[in-house]
Amino acid sequence: MPSESQPYADGRQPDQDRPPVADRLDDDHFPAYTMGRAAELVGATPAFLRALGEARLITPTRSDGGHRRYSRHQLRLAARARELVDQGTPVDAACRIVSLEDQLEQAERTNEELRRQGADTVQGHR
């Protein structure tokens, strides 16, 4: 079991540039999954994930050894693309649809955050 002075079982210290482990576990964009595990979770083949990369829906991070690593966010996009492809949508079209859905979701989150900030500002001036 790691001690406070040795956070990792092998005695390594955490990198100063990397967030603490707990933060990485909660980070939806942390590239935690290998290609094989990602393909298994999505229910697809590694070739399908490579095709999504070629279509620029997802761009996996590369490990120091050059291996692809995927985040949970990327896996959700890949799973949605797989649903569309399974329904007969061509891969390129599925990627465009998923990309637009993702952009819309991000815009809605941004709008909600701005609304909350605006409400907080209005209440702060009362």
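Arg56 counts as exposed at 73% relative accessibility (exposed is over 50% relative accessible area, buried under 20%, partly exposed in between, with a 1.4 Å probe and protein chains only). Keep in mind that this is a predicted model, where local features need pLDDT of at least 70, side-chain atom pairs count only at pLDDT 80 or more, and totals for chains, interfaces and linings use all residues. Residues are numbered from 1 along each chain as its sequence is written, and side-chain values use heavy atoms, with hydrogens and water left out.

**Arg56 and its backbone**
- You'll find Arg56 in the loop between H3 and strand S2 (61-62); helices (H or I, at least four residues) and strands (E, at least two) are DSSP runs, numbered from the N terminus.
- Its phi is positive, near 65 degrees, and Arg56 is not a glycine.
- Most residues other than glycine have a negative phi.

**Helix H2**
- Met35, Ala38, Ala39 and Val42 are the buried residues of H2 (residues 35-42).
- These residues sit on the same side of H2, because they cover an arc of only 100 degrees around the axis (the arc is taken from the directions from the helix axis to the C-beta atoms).
- Strand S1 (33-34), helix H3 (46-54), strand S3 (68-70) and helix H4 (72-86) are what the buried residues of H2 pack against, with contact meaning heavy atoms within 4.5 Å.
- After H2 comes Gly43, with a positive phi near 80 degrees.

**Helix H3**
- Phe48, Leu49 and Leu52 are buried in H3.
- They cover an arc of only 100 degrees around the axis, so they lie on the same side of H3.
- Arg56, with its positive phi, follows H3.
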